[in-house]
Amino acid sequence: MEKLRIALIGVGGMGSHHLYSSHARNPRVEIVALCDIIEERCVAAAKKLGRDDIAIYTDYKALIDNEELDAVDIATPNRFHSIIAVYALEHGLHVFCEKPDAINVEEALKMKTASEKAGKVLMVMRNNRYTPGSKYLKKFIAAGEAGDIYCGRCAWIRRRGIPGKGGWFTTKSESGGGPLIDLGVHMIDLSIWLMGNPTPVSVSGCTYSKFADNDAESDSEHSKFGDSVSNGTFDVEDLAMGFIRFDNGACLQIEFSWASNIVKEQRYIELRGTKAGLTWFDNGDVGIYSEEDGKLVDTVRSCDMGNGHDEALRHFTAIVLDGAEKDYVPQQGLDMIKILCAIYESAQTGKEVIL
């Protein structure tokens, strides 16, 4: 069996999920090397895998320069995504990267350009596209059952759930922003993907930071990533709201928070079509709201969440090894970063930003 020779760069946080929930279970992947600035993480991971033949590095350049690889999987803090990806692509490697694509438009464009110049695959994590409910809605819409999708709204809002407070998550130079870039990528991408990938043309938004000095205990299971730093930096938003317009006339309302005084944590997508409205629920279920014979009909389809991260990584493997059709292209990542950065700009200027 042909195998993808891959190295994981960034073993903590989401990297551990990539490693144990996907790569280690995929017979088509050979884990060649591990890299992390904290060497002990790599040593512990290799031991957990029962592999004493895995090369260990603390410098990604040394890894790429010295190992025979097909691809790298990048799961570092956000600032390094583009830096490592471009270096790997320039050295002839395929790249899978955790979201977000980059922390600004310039870096996202560098990634796209490097991928095109090298003729190598660049894929960024879009795990929510791979849940059973998401795939069902995609087919439903593609079959014309929803009609024209002309508007929608999406959110991921937490009551208390700031990740790694004081560390890189809450330091703008490292993360690129707060919940908008951390959580927003997930729901905005899934919304736009379901809508048929229209091109964004303008955005407006507001951001707020009201809980930087609040030490209330987190009530979100999703906020466990990142290491907190006492008296560290918190120069990002804890709430972002906005509005996106697309070239086909459709629009999307957005809301993302790490902390706000709401009933409970929620994440959802609502899309409205001329034939049916659709809802993606945070438990994996999907709802369809339509009309038949003059009567309103509501249908909820029960779906589990599956393992979208694993499916995304396996699809990447299939693209590289089998030439499978790509369902993510770097232009989508570039558009995403344009949206996020423009919302931050709009929040600062108080004006709509044309993309």
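The model is a predicted one, so local features need pLDDT of at least 70 and side-chain atom pairs count only at pLDDT 80 or more, whereas totals for chains, interfaces and linings use all residues. Residues are numbered from 1 along each chain as its sequence is written, and side-chain values use heavy atoms, with hydrogens and water left out.

Now for the overall build. The chain has 11 helices and 15 strands; helices (H or I, at least four residues) and strands (E, at least two) are DSSP runs, numbered from the N terminus. Its radius of gyration is 20 Å, close to the 20 Å that the globule rule gives for 355 residues, so the chain is as compact as a globular protein of that length. That radius is taken over C-alpha atoms, and the rule is 2.2 Å times the number of residues to the power 0.38. Along the principal axes, the C-alpha atoms fill a box of roughly 65 × 50 × 35 Å.

Buried residues make up 54% of the 355 residues, where buried means under 20% relative accessible area, exposed means over 50%, and partly exposed is in between (1.4 Å probe, protein chains only). The chain exposes about 16,000 Å², and carbon and sulfur atoms supply 47% of that area. These areas come from the Shrake-Rupley method with a 1.4 Å probe; for residues, only the protein chains shown count as cover. As for contacts (heavy atoms within 4.5 Å), 74% of those with a separation of 6 or more are between residues 24 or more positions apart.

H9 is followed by Gly196, which has a positive phi near 100°. Thr279, in strand S12 (residues 276-280), is another buried spot, with a relative accessible area of 7%. Setting aside neighbours within four places in sequence, Thr279 touches Leu137, Ile269, Glu270, Asp285, Val286, Gly287 and Tyr289.

Lys99 and Pro100 are joined by a cis peptide bond, with omega about -5°. Pro100 itself belongs to the loop between strand S5 (94-97) and helix H5 (105-118). Asn197 is not a glycine, yet has a positive phi of about 60°. Asn197 sits in the loop between H9 (184-194) and strand S8 (200-208), and is partly exposed at 32% relative accessibility. Asn231, not a glycine either, also has a positive phi of about 60°. Asn231 is in the loop between S8 and strand S9 (239-246), and at 82% relative accessibility it is exposed.

Back to the charges: the structure holds 19 salt bridges, each being a side-chain nitrogen of Lys or Arg within 4 Å of a carboxyl oxygen of Asp or Glu. One of them pairs Asp227 with Arg41, at 3.6 Å from N to O. Asp227 lies in the loop between S8 and S9 and Arg41 in helix H2 (residues 39-49), so the pair ties together parts that are 186 residues apart in sequence. Asp227 is exposed at 55% relative accessibility, whereas Arg41 is partly exposed at 32%.

Glu311 and Lys135 form another salt bridge, with their closest N and O atoms 3.1 Å apart. Since Glu311 is in helix H10 (residues 308-322) and Lys135 in helix H6 (residues 132-142), this pair ties together parts 176 residues apart in sequence. Glu311 is partly exposed, at 31%, and Lys135 is partly exposed, at 34%.

Arg158 and Glu265 make a salt bridge as well, their closest N and O atoms being 3.5 Å apart. Arg158 lies in the loop between strand S7 (149-157) and helix H7 (172-175), and Glu265 in the loop between strand S10 (251-257) and strand S11 (266-273), which puts the partners 107 residues apart. Both Arg158 and Glu265 are buried.
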